Amino acid sequence: SSLLSVLGPGDLFGEMAVIDGLLRSATATALENCELTVINRDQLQQRIEVLDPVMRLLISVLLTKIRNNNRIVSCQNAGSGMANDELSNSAIRIPDSFKSAQEQLKLEQDLLEGIEKKEFLLNYQPIVDLQTNSIKGFEALLRWIHPSRGLVPPDKFIDVAEQSSLIIPIGIWILHQAIHDIKWLHKKTSLNNLFISINVSSRQLDDPNFVNEMIKVQKKFSINPNLVKLEVTERVFHEGPIVLDSINRCRQMGYAFSLDDFGTGYASMTTLFNLTVDAIKIDRIFVNKVTKDPKSMAIVQAITTLARSMNLHLVAEGIEEASTAAFLKNLGCQHGQGYLFGRPQPLEQCLSYFKKSSAA
């Protein structure tokens, strides 16, 4: 026998047998006390299948080359009569990811061109004081009008934008456009306390230039930072020190942070306990059923009590019926958002909300 290799902490052995499914034999001797972790084929397969399509394609190409090379060498050296299909069936299965990877890369390219060609626009949905039914602010919602794809739903491109880091230039444009637009509404309505809510992703907060961008936009538009609400999901609080530092520095400047989709994550209570946010938004999943489903009612009541005890502002999203708004009002929820009050609209059409309020 001959020495193949000497392994240290973190090294792998036997990985090629897992990848290509070929039988191998070797003796492994521990030279000192050590701890081994077994990784089986199913565990590796599951991780491959949840990867980004482009990464799956790259791994597919790499593993196919390794598998084919090892198959040839093994058959030549051992004179194996094992058929090619037998070898393929025993190897790691790589999904046919070429088409999905191609689609994602094309979408990324279209997104890049969309930024350059100014194909993005913002719609605004009103956020209402439930006690007075008066509009207090708007949430900025991104829309993409592609020349051939048409209106592309956000759930079809936001994740791709985040994975490719294109969300950073898109996010900068959203910040500038949304704050420009809320200042325009201030002038048109003479309501200088209207606020704007803007969704911010962990990828944006992880960008070292994010805080400087918030400083720049405040100076450019002379906006009161208290009127800019940055909406984040609880996932951002688990993304590392740069993200947390960005949040803390922005809050020190006066920007407020809202915890979006509250109640749907796996660690919302921990997030509230360990971190300072200014408001929480009750997810529409609970709001829609609050007057019909006892469980949803109990959850919303608990969230309301929690927010009040922690001195947190509360926004309920997804309100579609007057009975829902009345229930939330009686609970003490300050703000509401949903189709009952208005659908997302382009900036100019938002003025109609105030005309309706004046007429009422």
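User: Is glutamate 317 buried or exposed in this structure, and what is its relative accessible area?

Analyst: In this predicted model, glutamate 317 is buried, with a relative accessible area of 5%, where buried means under 20%. Lysine 281 is likewise counted as buried, at 1% relative accessibility.

User: Which salt bridge do the side chains of lysine 281 and glutamate 317 form, and what is the distance from N to O?

Analyst: The general idea is that side chains of opposite charge can pair when their charged atoms come close. Here the side chains of lysine 281 and glutamate 317 meet in a salt bridge at 3.7 Å, N to O. The pair links distant parts of the chain, since lysine 281 lies in strand S7 (residues 279-282) and glutamate 317 in strand S8, 36 residues apart. Both residues also belong to a network of salt bridges that links Glu139, Glu231, Lys281 and Glu317.

User: How many salt bridges does the structure hold, and where do arginine 249 and aspartate 245 lie?

Analyst: The structure holds 11 salt bridges, and one of them joins the side chains of arginine 249 and aspartate 245 at 3.7 Å, N to O. For pairs within a helix, the idea to keep in mind is that an α-helix has 3.6 residues a turn, so residues three or four places apart point the same way. Arginine 249 and aspartate 245 are four residues apart in helix H10 (residues 241-253), and therefore separated by about one helical turn. Arginine 249 counts as partly exposed at 36% relative accessibility, and aspartate 245 is also partly exposed, at 38%. A further salt bridge brings together the side chains of glutamate 113 and lysine 117, at 3.9 Å, N to O; of these two residues, glutamate 113 is partly exposed at 28% relative accessibility, whereas lysine 117 is exposed, with a relative accessible area of 55%.

User: Turning to a helix, which residues of H14 are buried, and why do they line one face?

Analyst: In helix H14 (residues 322-331), the buried residues are Thr324, Ala325, Phe327, Leu328 and Leu331. Seen down the helix axis, the buried residues of H14 fall within an arc of 160 degrees, so they line one face of the helix. On the other side of H14, Ala322 and Asn330 are exposed. The buried residues of H14 pack against helix H12 (284-287), helix H13 (294-309) and strand S8 (313-317), and strand S8 is also where glutamate 317 lies. Following H14 comes glycine 332, whose phi is positive, near 100 degrees.

User: What is the volume of the second largest pocket, and which residues lie nearest its centre?

Analyst: In general, rolling a probe the size of a water molecule over the atoms shows where empty space is left. The second largest pocket has a volume of about 1,000 Å³. Its lining consists of 35 residues, of which Glu139, Leu141, Pro154, Asn199 and Asp260 lie nearest the centre; Glu139 is also a member of the salt-bridge network that includes Lys281 and Glu317. Among the elements that each supply at least two residues of this lining are strand S2 (135-146), helix H6 (154-163), helix H7 (167-189) and strand S6 (256-262).

User: For the protein as a whole, how many helices and strands are there, and what share of the residues counts as buried?

Analyst: The protein has 15 helices and nine strands, and of its 360 residues 41% count as buried. Among contacts between residues at least 6 apart in sequence, 68% join residues at least 24 apart.

Technical notes. Residues are numbered from 1 along each chain as its sequence is written. This is a predicted model: local features need pLDDT of at least 70, side-chain atom pairs count only at pLDDT 80 or more; totals for chains, interfaces and linings use all residues. Side-chain values use heavy atoms; hydrogens and water are left out. Buried means under 20% relative accessible area, exposed over 50%, partly exposed in between (1.4 Å probe, protein chains only). Contact means heavy atoms within 4.5 Å. The arc is that of the directions from the helix axis to the C-beta atoms. A salt bridge is a side-chain nitrogen of Lys or Arg within 4 Å of a carboxyl oxygen of Asp or Glu. On a 1 Å grid over the protein atoms alone, a cavity is a set of points where a 1.4 Å probe fits but cannot get out, and a pocket is an open set with protein on both sides within 12 Å along at least five of seven lines; lining residues have an atom within 4 Å of a point. Grid points are joined across faces, edges and corners, and a volume is the space filled by probe spheres set on the points.
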